Structures are given as C-alpha cells and as structure tokens.
Amino acid sequence: WPRRLETGDRIYIVAPSGVVAPQALAAGVALLQEEGFAPVVHPQVQRTYGDNAGTDAERLAGLQEALADPTCRCIWAARGGWGSACLLPSLDLSQLRARRPWLVGFSDISALHARFTSQGLISLHAANVTTLPHWSASARAACFRALRGETLALSTGSLVRGAADAAPVSAPLWGGNLTVLASLAGTGALPRLPRSILFLEEVNEPPYKLQRCLTQLHQAGALAGVEAAAIGQLDDGRPDGAGPAHLDAILRGLPPSVGLVLSGLPCGHAPSSHALWLGAEARLTPQRAQLQFL
C-alpha cells in the first residue's frame with residue numbers, strides 16, 4: 001500500500017497523455033489546495049505536441065521526475081486521452097516499491113495503473129485533475145478519503161453471470177478502460193496474477209468494439225486467472241445511456257472461465273463515479289451483487 005496522504009503532502013501533477021486545458025487544470029488544482037494538499041504542476045503539463053502534452057520524451061521526463069522525487073507522495077494525472085502506453089517501454093520503476101507513491105487517474109491512465117499492479121502496488125482509479133471539478137462533491141470526497149486511508153464504500157450492481165448462491169470471489173482487482181487494456185495485449189505491460197477480479201469500463205464505443213477488445217485480451221492470454229468481472233459504466237454517449245447490446249457484447253467477449261460477472265457498477269467516466277483501489281484485495285459477493293475492498 002502507498003502511505004496514506006496527510007494535509008500538506010505534496011502531489012505531483014503530470015500529463016502522460018493528452019493536451020491539458022489551462023482553465024480546467026487551474027480549477028482542479030484549486031480543489032486539491034482546498035483539500036489541504038500541496039499540488040505541484042510539472043512544467044511538462046503545459047506543453048503541446050500534436051494531441052499530446054509534449055513529445056514522448058518530454059512526457060516521460062515529467063513522469064520520471066515525479067517518480068524519483070522523494071518528497072512526492074502522490075502522482076496525479078492531469079487528464080487522459082492517449083499516450084501513456086508510449087512511455088511504458090522506457091519507464092524506470094526501479095525506485096517505485098521503495099517510494100510507494102500514489103498514482104491517481106483513469107481512462108488512458110489505465111496503462112500506468114496496469115504497470116503499478118504488475119509491480120505489486122496499489123493505485124487509485126479516480127478522476128484526473130482536470131475532471132475533478134466536474135465530479136460530484138460526494139465522489140470527490142470519497143476519492144480524498146481513500147487517499148487518506150479510509151475504506152471505500154461498497155459498489156452494488158446486478159449479477160449477470162453466475163449463480164446468486166455461488167461462493168464469493170476474493171482476489172486482487174485490476175483493470176480500467178477496456179480499449180486501453182486491449183491496446184496493451186502482447187506488450188508485457190498487463191498484470192499476470194494467479195487469481196484476480198477484472199474491472200472494466202468504457203465510453204463512446206460501439207458494442208462490436210467491446211467484444212473485439214475482450215477477444216483480443218482473451219486470445220493474448222491476458223484473462224488467465226480472472227475468476228470474476230466487475231463491469232462499470234458502459235456509456236455510449238447517448239442521452240439515455242448505453243443499451244443492452246453493450247453489456248451483451250461484454251458477456252460474449254468474456255471467456256466462460258470468468259464465472260461471476262457484476263454489471264452496472266457506478267464506476268467509470270460519469271461524474272458520480274466511485275473511486276476504486278486497483279491492485280487491492282477485493283471481494284465480489286454474488287448474493288448481494290456487491291464489490292467491496294477487504
């Protein structure tokens with residue numbers, strides 16, 4: 001576990017992915033300051049190179065400096081987009097277990113979460129800095145409490161695969177954005193756990209792409225050891241939310257060895273999303289259709 005954050009702790013804000021809007025960044029930084037933390041925006045965050053916040057080398061340098069700084073207690077991603085996976089081959093994690101900083105973010109940051117999980121460290125799937133202002137007050141408060149060491153609340157959904165009277169599954173939770181995870185198949189960046197629970201969420205993708213991504217993960221062997229799945233928000237961008245076809249695509253893409261599947265968990269891209277500890281021991285209880293952390 002990373003050390004729990006306390007008032008005055010330094011938070012390094014980096015941008016390993018997309019271009020960062022200054023106003024959105026300033027609003028997120030203000031919320032971190034109101035919470036009592038000491039956010040430091042790395043100069044790299046202000047850079048632009050195409051769709052990314054700087055070149056691969058610039059983004060890697062920003063992230064590497066945060067990882068190496070002994071005063072940095074938390075690394076918080078400014079935003080998602082695309083680009084985190086480009087940094088993985090050159091990322092030096094030799095000091096990671098000794099320093100144990102928090103990693104916070106979601107969407108494209110799933111690539112970095114995967115590496116943290118592979119290293120045996122726990123990270124927080126939660127709002128990026130620029131999305132903090134758009135998150136609900138309760139979701140932000142839960143995120144801050146999780147960083148301060150308090151237990152995350154239960155997430156309840158619907159049991160869509162497996163028997164309600166089946167035994168609960170207790171195992172480490174890993175995952176994140178489905179498209180990002182599928183892009184890592186075959187790279188060696190995905191966790192290889194003997195037993196695990198897989199968390200998935202997605203936004204603005206058609207059903208066939210969800211099934212294609214899961215098929216790729218399965219055929220690459222990335223789902224070996226996954227005994228249960230916790231499916232978060234599958235938002236296709238429509239006002240009425242994602243239809244049944246999205247969940248059906250997920251179920252058809254998951255192999256039969258994933259015996260228990262919960263859907264509809266309030267975790268993903270929506271402003272009310274629950275924070276999740278990735279890499280932590282979780283329990284999926286079919287009788288109550290709940291996911292909780294131990």
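User: What should I know before we start?
Analyst: This is a predicted model: local features need pLDDT of at least 70, side-chain atom pairs count only at pLDDT 80 or more, and totals for chains, interfaces and linings use all residues. Residues are numbered from 1 along each chain as its sequence is written, and side-chain values use heavy atoms, with hydrogens and water left out.

User: What order do the strands of the open sheet have?
Analyst: The open sheet has 8 strands in the order S6-S14-S13-S8-S9-S10-S11-S7, with mixed pairing. Strands here are DSSP E runs of at least two residues, helices are H or I runs of at least four, and both are numbered from the N terminus. Two strands pair if DSSP finds at least two bridges between them.

User: Which strands stand at the edges?
Analyst: S6 (155-156) and S7 (158-161). Each has a single partner strand, so one side of each is left without a neighbour in the sheet.

User: In which sense do S13 and S14 pair?
Analyst: Antiparallel, over 4 bridges. S13 covers residues 281-285 and S14 covers residues 290-293. Leu284 has Leu291 in S14 as its bridge partner.

User: New topic. How many salt bridges does the structure hold?
Analyst: It holds 7 salt bridges (a side-chain nitrogen of Lys or Arg within 4 Å of a carboxyl oxygen of Asp or Glu). One of them joins Arg148 and Glu35, with the closest N and O atoms 3.4 Å apart.

User: Where do Arg148 and Glu35 lie?
Analyst: In distant parts of the chain, 113 residues apart. Arg148 is in the loop between H6 and S6. Glu35 is in the loop between helix H1 (22-34) and strand S2 (38-41).

User: Which residues line the largest cavity?
Analyst: Among them are His125, Trp135, Cys143 and His274. By class, 6 are nonpolar, 4 polar and none charged.

User: And how much space lies in the largest pocket?
Analyst: About 150 Å³. Of its 13 lining residues, the closest to the centre are Ala142, Arg145, Leu152, Ala153 and His274. Helix H6 (residues 137-147) gives the largest share of the lining, 5 residues.

Conventions:
On a 1 Å grid over the protein atoms alone, a cavity is a set of points where a 1.4 Å probe fits but cannot get out, and a pocket is an open set with protein on both sides within 12 Å along at least five of seven lines; lining residues have an atom within 4 Å of a point. Grid points are joined across faces, edges and corners, and a volume is the space filled by probe spheres set on the points. Ala, Val, Leu, Ile, Met, Phe, Trp, Tyr, Cys and Pro count as nonpolar, Asp, Glu, Lys and Arg as charged, and the others, Gly among them, as polar.
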